[in-house]
Amino acid sequence: MAKISINLLPPELTSTRQEKTKRDLSVKASIAFVIVMVVFTGSVLALRLSQNLSLKQKESTLEGNRKRVATLEKEEGLVVVVKKRLSAISVVRNAESDQAQSFILLNALTPQTVQLFTFNANKSDQVTLSGETASTQALQTFFNNLTDPAINEGKITGVNVDNLNKGQTGRIHFDLIVNVSSQSQTVTQPASTSAPPAKTDI
Amino acid sequence: MKGLVQKFLSRYSNASWWLKIKELSARDEFAKYQVFVLPAVACFISIPLLIFVLLPNVFSWFKTKAQISQIEMVNTALEDKLNVLQSVDKESYEGYLKTSLISLPEDKDVTTAISQVLFLLGSSRLQLQDFTFALSAEKDSSADVSAFGVKISALSDTAGLKEFIGKVKKAPRLLKIKNLEVSGGRAGGSINSTINLLVYYQPLPSKIGKVDESISVLDQKDLDTLSQISTSSKSTPGFGQEEATESATYSGNADPFQ
C-alpha cells in the first residue's frame, strides 16, 4: 500500500532551512578556498626557499671550481699562448703570397721565345710586365695563354695591352697589365701543339 | 578551538570594533547579504596573496631555475677545463712555446731575421746587392700579428728566384713576399729582383682571458705546424740548433803587437 506523506512543517521554516544550508555552504567554501590558497602559497614559498638553498650551493661549487682553475693559471697561460701562436702561424703560412704566385704563374705561361724584361707585382691582384719577342706566333700563344681560362685555370681575370709595337729590328715589344685573382696557385705547363713550348726562364 | 574563540570573545567582547561588528550583523541588510560576506572576505584575503606573494614567487622560481641551469653549465665547463689543465704536461708545452717562438718571435728579433734572409738568399744562389729594412710595424688583422719590412735587391737567374720564393714559404721564421719586381733579361741569364718581405712577430699577451673561458689543447694540425717549424729550423743555421758544447779554441798569436 502506497504511503501518504504530509508535510506539516510551515513553509517559513523550510525556506529558513534552505537559507541556512546556503549560508553554511558558502561559509565552508570560503574557508576551504582560503585554506587552499594559504597552503598553496606556503608550498610555493617552501619551494622557493629550497631553490634558493640549491642556488647558493651551486654558486659555492662554482666559486670553488674557479679557485681551482685559478691555481692552474700557468698551465692555462702556456696552452692559450701556444695555441694562439700556432693558429696565427697557420693562418699566415696558408695565405699564399699573391705576388710570388703571380710570378710563378706568368713564368709558366710565357713561351720560350718570348722574353720578359720587367715584372712588377706591387698589388695582390695586378701585375705589370713588359717584354719582347721576334715571333708573332709566340706572341699569339702568349696572349692565348693569358686569356684562355682553360690554360691559366681561371687565375687571370683580365689583360690590358698598354703598348704593342714592332721595332726596326723586327722585334715586337709589349707592355701588359695582367689582372690576377687572389690566392692563385701554381699552374701546370700549358699544352701547345704548334706553338713553341712555354719557357721557364725570364 | 572553542576555548580559543571563548578567550577571544571574553577579551574583545567590549572592544568598540567588536561591538560595531555585532551591531552590523544584527541589521536586516546583513541577514540579506550574509551569504556573500564570507566569500568576499575570502577574496579579500586571496587576491592580494595571489598578486603580491604567489605570482612574484612563481616568476622568480622560473628565473632562478634558469640561473641554476646557467651555473650548472658553467660548472661543467669549468670541470672540463680543470681536467684539461690537469692533464697538460708543462714541460712539453714550454718546448712547444719555444718552437713557436722560432717562427713567430715575441719581438722583431732583427738579427735572426737578417741571418735567416741572408741564408735563404745564399742557398738560392741570389747575389745580394742591397738590403734595407723598415722597423715600423705593420699589422695583419686576419692573424693578429705584426710585421716589419725588409727590402732586398739581388741578382740571380729565374730558377734561383723561384727557389728563393719556395724557400721563403718554408722558412722557419714566418716570412711573406709583399712585393716583387723583376727586371733584366736583355743580356740573357741574370735578372735583377727587388723583393719586399714581411717579417712577422707577435708580442706575448699580457692577459690570457677569463677564468670561465674554455680552452682546447693542441690538435694534430698544431702538432704538424710545430713539426714543420722544427724540421725547417734544424736545416737552417742559427735556428734552434744546439750550440757547440766545446768552448772555442783559438790558435795564433795572442798578442800580435809584441
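This is a predicted model: local features need pLDDT of at least 70, side-chain atom pairs count only at pLDDT 80 or more; totals for chains, interfaces and linings use all residues.
B:Ser124 sits in the loop between α5 and β1 of chain B. Its relative accessible area is 0%, so B:Ser124 is buried (buried means under 20% relative accessible area, exposed over 50%, and partly exposed in between, with a 1.4 Å probe and protein chains only). Residues are numbered from 1 along each chain as its sequence is written, while chains are lettered from A and ligands numbered from 1 in the order in which they are written. Local features need pLDDT of at least 70, side-chain atom pairs count only at pLDDT 80 or more, totals for chains, interfaces and linings use all residues, and side-chain values use heavy atoms, with hydrogens and water left out.

The loop that holds B:Ser124 also contains B:Arg125, between α5 and β1 (127-140) of chain B. B:Arg125 is not a glycine, yet has a positive phi of about 65°. With 46% relative accessibility, B:Arg125 counts as partly exposed. A second case is B:Asp109, in the loop between α4 (90-103) and α5 of chain B, where phi is near 45°, again a positive value in a residue other than glycine. B:Asp109 is partly exposed as well, at a relative accessible area of 30%. For context, most residues other than glycine have a negative phi.

Turning to helix packing, two packed helices are described by the angle between their axes and the distance between the axes. Helices (H or I, at least four residues) and strands (E, at least two) are DSSP runs, numbered from the N terminus. Axes are lines fitted to C-alpha atoms, for helices over the stretch in contact, and angles run from 0 to 180 degrees between N-to-C directions. Within chain B, helix α5 (residues 110-123) packs against helix α6 (residues 158-170) at an angle of about 145°, and their axes are 9 Å apart. On the α5(B) side the contact is made by B:Leu120, B:Leu121 and B:Ser123, and on the α6(B) side by B:Glu163, B:Phe164, B:Lys167 and B:Val168.

Across the two chains, helix α2 (residues 73-94) of chain A meets helix α7 (residues 220-234) of chain B, the axes coming within 10 Å and crossing at roughly 75°. The two helices α2(A) and α7(B) are therefore roughly perpendicular (angles under 35 degrees count as roughly parallel, over 145 as roughly antiparallel, 65 to 115 as roughly perpendicular and the rest as oblique). Helix α2(A) contributes A:Lys83, A:Leu86, A:Ile89, A:Ser90 and A:Arg93 to this contact, and α7(B) contributes B:Lys221, B:Asp222, B:Thr225, B:Leu226, B:Gln228 and B:Ile229.

B:Ser60 touches A:Arg48 and A:Gln51, not counting residues up to four places away in sequence, and is partly exposed at a relative accessible area of 26%.

Chain A itself has 5 helices and 4 strands, in the order α-α-α-β-β-α-α-β-β along the sequence. Of its 202 residues, 40% count as buried.

Conventions
Contact means heavy atoms within 4.5 Å.
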